[in-house]
Amino acid sequence: MSTEIKQSKSLLHNALLRIVSEKISLAALIIVGIYFLVAILTGAGLLASDWGKEIGASYMAPSSISYFGTDIFGRSVLLKTLKATETAVVIGLVVSVIAIVIGTTLGMIAGYFGGFIDEIIVWFYTTFSSIPNIMLLVAIAFILGKGTTTIFLSLGLTSWVGLCRIVRAEVMKHKEREYIHAANAIGASHLRKLWSHLLPNISHLLIINFTQTFDSAIKAEVVLSFLGLGVVGRPSWGTMIDDSKLELARGVWWQLAAATLAMFLIVLAFNILGDALRDALDPKLKGK
Amino acid sequence: MNLYAYIFRRLLYVIPVLLGVCLIIFVLFNLVAPDPAYTLLGKHATLKQIAELHHELGMDKPYFMQYLDTVKTAFTFDFGYSWSSKQNIWEMIKTGAGPSLAITGPLFVFSNIIAISLALLVAFYRGKLIDKFVLILSIAGMSIPSLAVVLFGQYFFAYKLGWFEISGYEFGFPNFIPYVILPIILYIVISFGADTRFYRTVILDEAYQDYVRTARSKGLSELKVMFKHVLKNSMIPILTNIIIQIPSLILGLLFAESFFSIPGLGAMTINAINNSDFPVIKAMTIMSAVGFILFGVLTDVLYTVVDPRMKLN
Amino acid sequence: MAEKVLEVKDLVVEFRTDRGAVKAVNGVNFDVFKGKTVGIVGESGSGKSVTALAIMGLIPNPPGRIANGQILFEGKSLVNMSASEMRKIRGNKIAMIFQEPMTSLNPVFTIGNQIEEVIELHQPHLSRSLRTAKAVDMLRLVGIPSPDKRINEYPHQLSGGMRQRVMIAIALSCEPDVLIADEPTTALDVTIQAQILELMKKLQKELGMGIILITHDLGVVAETCDTVAVMYCGQIVESADVNTLFNHPAHPYTKGLMDSIPSFDSTSGSKKERLQTIEGMVPSLFDLPNGCNFQDRCSKVTDACRGSQGDPILKPSKGEGHYVACFNPLN
């Protein structure tokens, strides 16, 4: 039992070592780190707290006053982009947590108990995944109406099925291994077996899944903004990109450029990091 | 057990899933959604008017009957009338399907051909420079927000350079062609990254199998190894990925259709959202789910044709 | 003396890794003769399979490459051969069967298709019907019942033993001069193992090919091989004909391997012998010690073994054709 857990810990350790030792994945890790730092600083009010302030005329082109120009209200696009980083990171984190909690809980219960419970859960997620993601997202967001909760819930509720499937399959595999039999023999409770024996051994799946969900949540926020169901009262990359649909014809490209670039970098970094983690944590995919 | 019996059994399994889909839709639209009276009748509606409206929409029925109504529409496609345009929704869908398919059809064909050929190419030269180049390009492609691609593409290629129509649509072949070229190109750019990477992974998964070593040990050329042995084995996940795209073709493209003023189903959905047109959104959700489920069955049936290991049970 | 068909000379195979280059095979020499079987014995990671892949020209490059040495087939160098020339030899003159019968056949083609494929490639003059007839003959040859029906079946419809027979049929269908068998029976049940080895011996007599049998199982070696090379950390540490090796092992490692086979020999059964094991672990190819690679596991270790006289090289020992790389050989 403990060897399996140790193995998963050293796997994670090795994964980190590998990521740090490769230039590209190290760069990706640093980029992600910078974004999180920016998010924390803006969240604490130490950075871009005056993003709402008018700093000049409407639609000022990029210059030494404001490196990314101003928006329609004369606000600095740079500060908006920084503040939007916080929005994106919060959305990415909350959505991932919702998706991981639902996906892992249902997947583990299905895989562990099997039988009728398993059939019900499989039916449930088959049903859920039978509605094309974009329609389900639209429907949920539309019905819940504008607001941050809507964004969290609609994205979270449409992101858990993939993880649930993988976790279920993995738990089914682990259930038959010796260390679980050993836990049975010493009379461990179901909860204990699930929490302290099985969970550590599937944790690598959660980490890999986190990078994917984080990424797709940030990208989906743009879709919601476009549908008019996006973030209100604070800047987000999605609303910035959406706003620029009226600006481009006037030659105002900087808001689109700033938000796109900001989003591109972190999504790219998470993509690379996700790949590196998968290579390092999932030995059967190694060397691809 | 023959193929027909298998198809029949597989269709039987569809029923609980379809009932479940209807349950989700019922919960969303009939239980969670706000009362439509406000949207339809305005702020000053009388209680009597509201009661009449509820009766008209079947909302005064017991929940179970309302659920059955939802199930019924999934089989009859009788979606009722749009709240904003008062048109029959099924007629709206039939009209909108043409323009949507005029974009998504060619897009589906070209994007898959491009992605599969690229994936085969890089799998063939795996680890070499071109493989790394395409991989980087795919990951970069996946990381650009699609809305930005559509916005920038329309602005630059249609508005600035004037190479394509900025927006609009004409019904009938070949009149629609000039209007759909740019959206198709932009969506190929949007989708090629994820597709290529997926197909590359699928093909490489096979390229390291033991039977590939056997094929090489026979003295087969690398081309023959790739195109005969590896490709046939990768066909199963590739086919699944392709077929499962088909039902969503009918959904159209949300961004492109509204930006390029193409009167397809994507634009219809966007309008419905802007007008709080519940029945249209409900109809699109049900229709896409039914399509998705039926094509899922089709995929499973094709498995049994492609993969001799699949036993019909 | 039988005709020499294959000669491996000073073969070095190198792999580039994150932690630098490693020599998976380091200076290996042996010959293969018509109608004779060479056994290559060693633990996993000793370089046996890499040697086989090198002969087949199937070392994945990158990361691997043949860094030095020659492989001569009927006097021609396989190392310097172009890829297309090599393809004419592979599967035709030199064929290989692998350890994993369950996964070595392509699951989506019939076994007939997979046998005919190699015949079509190397004997293109045969018509389609002759090819099929030949495939059926091959299946019959390797002892598959009702071959004309089996030919249309898929690998998953056959048992592991049957699949390995199909692999042998594929390998032998162009009547190769050399057959490389990489742990051909390891994945099979013991009774099936014996059948497959028996089959290989029988076919060798009929077709007169030289066999390279790679295995970690000395029992298999004793039954089937004429000469044996024992590999350790990419090098041959001892080679001899099979009787000499079993009766007078000279390298402590060879002795250790033999002592770790359970013996049911009644003549030695008066005192109950404990099964011997070799202490310690195979050193990592990344940091091989100076001197003998086996020094840390050897009971006869001396200063010479620790590098004071360089690395041990293969030198003649007692008896005809017996070579050993050891500073303190046994007997």
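A: The largest nonpolar core holds 134 residues, and those that touch the most other members are A:Ala141, A:Trp237, A:Ile241, A:Ala259 and B:Ala256. A nonpolar core is here a set of buried Ala, Val, Leu, Ile, Met, Phe, Trp, Tyr and Cys residues joined through C-beta atoms within 7 Å. A residue counts as buried if 20 or more other C-beta atoms lie within 10 Å of its own, as exposed if 12 or fewer do, and as partly exposed in between, with C-beta atoms placed from the backbone. The model is predicted: local features need pLDDT of at least 70 and side-chain atom pairs count only at pLDDT 80 or more, whereas totals for chains, interfaces and linings use all residues. Residues are numbered from 1 along each chain as its sequence is written, while chains are lettered from A and ligands numbered from 1 in the order in which they are written.

Two residues are in contact if their C-beta atoms, placed from the backbone, lie within 7 Å. A second, separate core of 108 residues includes C:Val41, C:Val118, C:Ala135 and C:Leu197.

Chain A itself has 11 helices and 0 strands; helices (H or I, at least four residues) and strands (E, at least two) are DSSP runs, numbered from the N terminus. Buried residues make up 47% of the 288 residues in chain A. The C-alpha trace of chain A spans about 75 × 45 × 35 Å along its principal axes. Of the contacts in chain A between residues at least 6 apart in sequence, 67% join residues at least 24 apart.

The next topic is how the chains meet. Of the 2 pairs of chains in contact, chains A and B share the most contacts. Here 33 residues of chain A are in contact with 37 residues of chain B. On the side of chain A that touches chain B, two or more residues come from each of helix 4 (115–130), helix 5 (133–144), helix 9 (190–226), helix 10 (237–247) and helix 11 (254–281) of chain A. Helix 11 of chain A gives the most to this side, with 8 residues. The residues on this side of chain A divide into 23 nonpolar, 7 polar and 3 charged. In this count, Ala, Val, Leu, Ile, Met, Phe, Trp, Tyr, Cys and Pro are nonpolar, Asp, Glu, Lys and Arg are charged, and the others, Gly among them, are polar.

Chain B also meets chain C, in a contact that takes 24 residues from chain C and 19 residues from chain B. Helix 2 (83–89) and helix 3 (111–122) of chain C each supply at least two residues of the side of chain C that touches chain B, and helix 3 of chain C gives the most, with 4 residues. This side of chain C divides into 12 nonpolar, 7 polar and 5 charged residues. No contact joins chain A and chain C, whose closest C-alpha atoms lie 10 Å apart.

Chain C also contains an open sheet of 8 strands, in the order 6-7-8-3-9-10-12-11 and with mixed pairing. Two strands pair if DSSP finds at least two bridges between them. The edge strands of this sheet are strand 6 (94–97) and strand 11 (315–316) of chain C, each of which pairs on one side only.
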